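Please examine the structure shown below. The report that follows describes selected parts of its fold in plain terms.

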Amino acid sequence: MSTISGTKKITAVVVATGLGLAVLSACGSSDSGGEDGSGSKTVTLVSHDSFAYTKDVLKAFEKESGYKVRVLKDGDAGQAVNKAILTKDNPQGDVFFGVDNTLLSRALDNGLFQSYEAEGADGIQAQYRVDQDKHRVTPIDSGDICVNYDKAWFSAHKLTPPTSFDDLIKPEYKDLLVTENASTSSPGLGFLLGTAAKYGDDGWEGYWKKLKANGVKVVDGWEQAYNEEFSGSAGGKKAKGERPLVVSYASSPPAEVIYADPKPRTAPTGVADGTCFRQVEYAGLLSNAKNTEGGKALIDFLIGRQFQEDMPLNMFVYPVVEGAKVPDAFTQYGPAAADPETLAPARIADNRDEWVKSWTSLVLK
Amino acid sequence: MDLARTEVAPPARPRSPHRGSVARLGLMAVPVAFFGVFFAYPVVAITVRGLKVDGVWRFGRIGDVLAQPDIRHVLWFTTWQALASTALTLLIALPGAYVFARFEFRGKQILRAVVTVPFVLPTVVVGTAFLALLGRGGLLDELWGVRLDTTVWAILLAHVFFNYAVVVRTVGGLWAQLDPRQEEAARMLGASRFTAWRTVTLPALGPAVAAAALMVFLFTFTSFGVVQILGGPTFSTLEVEIYRQTSEIFDLSTAAVLTLVQFAAVGAILAVHARTVRRRETALRLVDAGATARRPRGAGQWALLAGVLGSIAVLLVLPLAVLVERSLDAPGFGYYKALTRNEGSLFLVPPIEAVGNSLRYAFAATAIALLIGGLAAAALTRRDAGRLGRLVRGFDALLMLPLGVSAVTVGFGFLIALDEPPLDLRSTWILVPLAQALVGVPFVVRTMLPVLRAVDGRLREAAAVLGASPWRVWREVDLPMVRRALLIAAGFAFAVSLGEFGATVFIARPDNPTLPVAVARLLGRAGELNYGQAMALSTILMLVCAVSLLVLERLRTGLRSDRTGEF
């Protein structure tokens with residue numbers, strides 16, 4: 001065994017690894033400089049994985065306000081809220097964006113936010129305003145959870161796509177719908193809440209019994225429902241999905257166009273307008289935030305026209321501020337629902353866990 | 001990979017008295033501190049948070065939670081699916097182990113790397129591929145109209161996919177070194193072929209089979225991604241339930257109770273495994289693996305080889321091929337080209353940069369795992385009797401615990417435990433390699449330990465007698481002999497870090513996604529390009545894993561003769 005050359009090689013490896021680590025740590029420290037925001041020039045926004053924006057828009061804010069923005073995406077919507085609650089005594093940032101109306105009560109009850117009435121809050125459409133006495137959260141965007149249908153499938157089968165919750169339990173739509181687990185998926189929960197809003201405390205369980213008898217399929221997450229089971233999406237087509245109805249978003253059809261190459265003239269999917277539940281996302285100043293001034297400026301920016309108009313094509317949501325424009329592609333392929341179901345956050349807070357529990361034993365067991 | 005690698009006792013050697021004990025306890029201090037700070041402390045913190053409400057312990061919750069029929073159902077399902085997966089894996093992989101051990105055929109080295117690729121692939125990728133194989137329009141559907149995508153069979157087959165290599169490498173590795181002449185001698189003395197196998201080979205293999213079975217049981221008992229993706233909402237393992245309770249339902253006390261239950265179960269499995277490993281350390285007559293393999297002879301052997309190759313093609317290669325096929329489903333490598341652009345603002349950087357991030361993190365994680373695992377292995381090298389021996393063996397088993405603890409528990413634990421100076425690491429990049437190193441260390445220890453133990457102690461003693469310092473002894477005696485094992489350990493730690501998903505997804509920063517994290521994010525969005533890019537990135541990840549494993553294969557071949565040359 002060539003011991004000497006072997007030893008030399010090992011030494012080289014060790015040295016190289018050491019150097020590599022040194023370089024790595026240098027990179028690491030440079031891009032996390034001033035990370036804790038104690039220098040009041042950095043403001044940290046905590047959000048979920050779907051948070052997205054155009055770089056230049058945020059740069060404009062940085063230039064104007066003098067703050068440097070650090071974005072921390074912290075898991076899916078539910079996880080991000082839960083993590084923020086866990087760390088509320090020593091938060092990871094100053095502003096949290098992305099708690100929606102289905103989870104709002106959890107955040108408020110746990111004291112996640114402190115009061116701040118954003119500058120420009122009077123421009124927010126009245127229907128989205130909540131917590132008017134304490135101003136702990138500011139609405140930022142809204143979206144609709146709706147049943148999407150596969151246009152090609154319905155025309156090939158010479159069947160009119162369903163338009164309402166009532167349609168979904170009709171025999172001609174038997175075995176066509178796939179939805180998500182309400183206890184683990186945000187669109188799944190939204191769909192359940194939509195039926196609860198539509199049929200009330202006494203009616204929704206009866207509705208789901210009929211839906212189950214009509215062959216609804218439940219999968220765990222949106223990814224699987226939309227990309228594997230649904231026949232109308234790009235992913236679902238490849239996976240030979242065979243359910244032409246899926247619980248997704250009103251903005252999924254424009255995404256099918258915008259992320260296609262070449263772009264089709266019309267969206268391959270449509271939205272059943274009478275099956276929608278409105279989801280609203282809020283932002284708030286975190287309790288114990290280190291940079292409250294920066295956080296306030298950031299919330300003001302989030303409801304500013306520039307950011308509001310930047311959201312649709314990045315996050316596939318609608319602005320909440322009066323007069324903010326929505327891009328043409330968006331209105332053309334995926335208009336917001338005309339008359340979505342809504343539920344007051346207090347009603348969701350009182351019933352959510354109970355409903356999900358009953359739903360689970362009713363539908364999954 | 002060779003978590004249950006055969007350990008072969010070197011010839012008995014004189015033990016030096018207690019002089020080394022103190023030094024070895026000192027060596028153990030670093031790994032112990034590492035696991036204490038980056039594993040035990042966060043896990044305890046999150047568990048305590050769940051069980052202690054307003055300063056009062058709620059141990060009553062344990063009874064409450066375990067009394068729930070839903071939870072009992074989860075416990076029952078977790079156990080029986082793990083048993084069934086283990087049995088099925090053994091059934092399918094043992095012939096494979098035999099073929100790899102005893103037959104010589106073209107492409108064997110590449111094939112051995114190929115069967116190992118699944119083990120290091122992230123489950124999010126595998127789940128998608130499996131749906132395409134077993135679901136509608138999949139191969140089974142096209143051939144026989146059979147669909148398994150909502151049945152427990154999908155889970156079981158995916159478990160075979162992941163763990164095939166565990167059996168092939170653990171059992172096959174030893175099988176290749178068993179001297180075939182022993183069995184031949186038995187036959188010469190009049191034993192039937194089966195009797196010879198049962199009385200000679202089986203007893204020698206038994207402990208390796210048991211160890212492999214226990215590792216497969218451990219991996220399937222704690223299965224997460226496979227069950228979540230393929231099981232749908234109806235099937236749930238303990239690990240999936242912990243994830244749901246923590247991350248979705250936010251019922252920390254239920255999650256804490258389930259964490260304790262899983263901890264107890266995993267502890268028990270590891271204890272049994274440790275016993276098996278010790279039982280295996282009986283001296284066996286081993287020969288160079290290269291000398292026992294030969295070309296198959298006769299129709300029966302060719303049929304066996306064909307059967308094994310066929311099962312590998314269907315169960316292991318096909319799911320991987322589906323990924324590649326889907327990634328190429330755009331003209332002119334369209335999805336791959338899209339990876340270099342920064343169109344969607346999902347990542348802030350072109351997705352292809354995830355490759356660089358993954359490599360950087362994996363290098364750092366490998367360095368950490370080698371340091372920690374190397375020190376641990378060095379400390380564990382000598383087997384002692386009595387209390388010290390038990391302590392050392394207990395430590396050995398403890399190092400494996402991170403493999404059996406839910407990533408969500410560790411991730412949430414990091415969040416609440418590592419938030420104060422000097423350990424305010426929540427927003428630093430090093431957190432990702434640290435989490436990855438936690439799962440890398442057991443691999444390093446498992447790879448290094450048998451080789452270190454095989455170094456003849458008399459060499460060390462001779463060096464010491466001639467005046468070498470302990471450091472010099474290690475550098476001049478141990479290091480040259482284990483350098484290949486060191487590289488192999490590094491390779492495995494690297495591949496495992498590359499594919500690590502559960503903990504990374506919790507802590508990776510958005511502007512620095514790793515490959516598996518980027519795949520998951522792309523899959524989470526509507527639209528053809530996103531889906532295609534996810535498949536393209538998965539393919540890249542698979543290739544990187546395959547290449548590092550292939551390099552390992554080359555090293556391994558060399559190692560085998562190094563090691564066995566001593567006996």
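In chain A, strand β3(A) and strand β10 (residues 277-286) run antiparallel and are joined by five bridges; two strands count as paired if DSSP finds at least two bridges between them. Within this pairing, A:Val99 stands opposite A:Tyr282 in β10(A). Strand β3(A) also pairs with strand β1 (residues 42-47) of chain A, in the parallel sense and over two bridges. A:Val46 stands opposite A:Phe96 in β3(A). Strand β3 of chain A covers residues 95-100, and six of its six residues are buried. A residue is called buried if 20 or more other C-beta atoms lie within 10 Å of its own, exposed if 12 or fewer do, and partly exposed in between, with C-beta atoms placed from the backbone.

This is a predicted model, in which local features need pLDDT of at least 70 and side-chain atom pairs count only at pLDDT 80 or more, while totals for chains, interfaces and linings use all residues. Residues are numbered from 1 along each chain as its sequence is written, and chains are lettered from A and ligands numbered from 1 in the order in which they are written.

Chain A as a whole has 14 helices and 11 strands; these are DSSP runs, numbered from the N terminus, with helices (H or I) of at least four residues and strands (E) of at least two. Of the 365 residues in chain A, 53% are buried. Among contacts in chain A with a separation of 6 or more, 74% join residues 24 or more positions apart. Two residues are in contact if their C-beta atoms, placed from the backbone, lie within 7 Å.

Chain A is divided into domain 1 (42-142 + 279-333) and domain 2 (144-277 + 337-364), with bounds that come from an automatic or database domain assignment. The C-alpha centres of domain 1 and domain 2 of chain A lie 27 Å apart. To their contact, domain 1 of chain A gives 13 residues and domain 2 of chain A gives 18 residues. On the side of domain 1 that touches domain 2, the elements giving two or more residues are α3 (77-86), α4 (104-109) and α13 (328-333) of chain A. The largest share of that side, three residues, comes from α13(A).

A kink of about 120° in α7(A) is centred on A:Gly200. In α21(B), a kink of about 55° lies at B:Leu479, shortly before the proline B:Pro480. The bend at a residue is the angle between axes fitted to the seven residues ending there and the seven starting there.

Where do positive phi values occur outside glycine? A:Asp175 has phi near 60°, a positive value in a residue other than glycine. A:Asp175 is found in the loop between α6 (165-168) and β6 (177-180) of chain A, and is exposed because 12 other C-beta atoms lie within 10 Å. B:Phe250, also not a glycine, has a positive phi of about 60°. B:Phe250 is found in the loop between α11 (238-248) and α12 (252-280) of chain B, and is buried because 20 other C-beta atoms lie within 10 Å.
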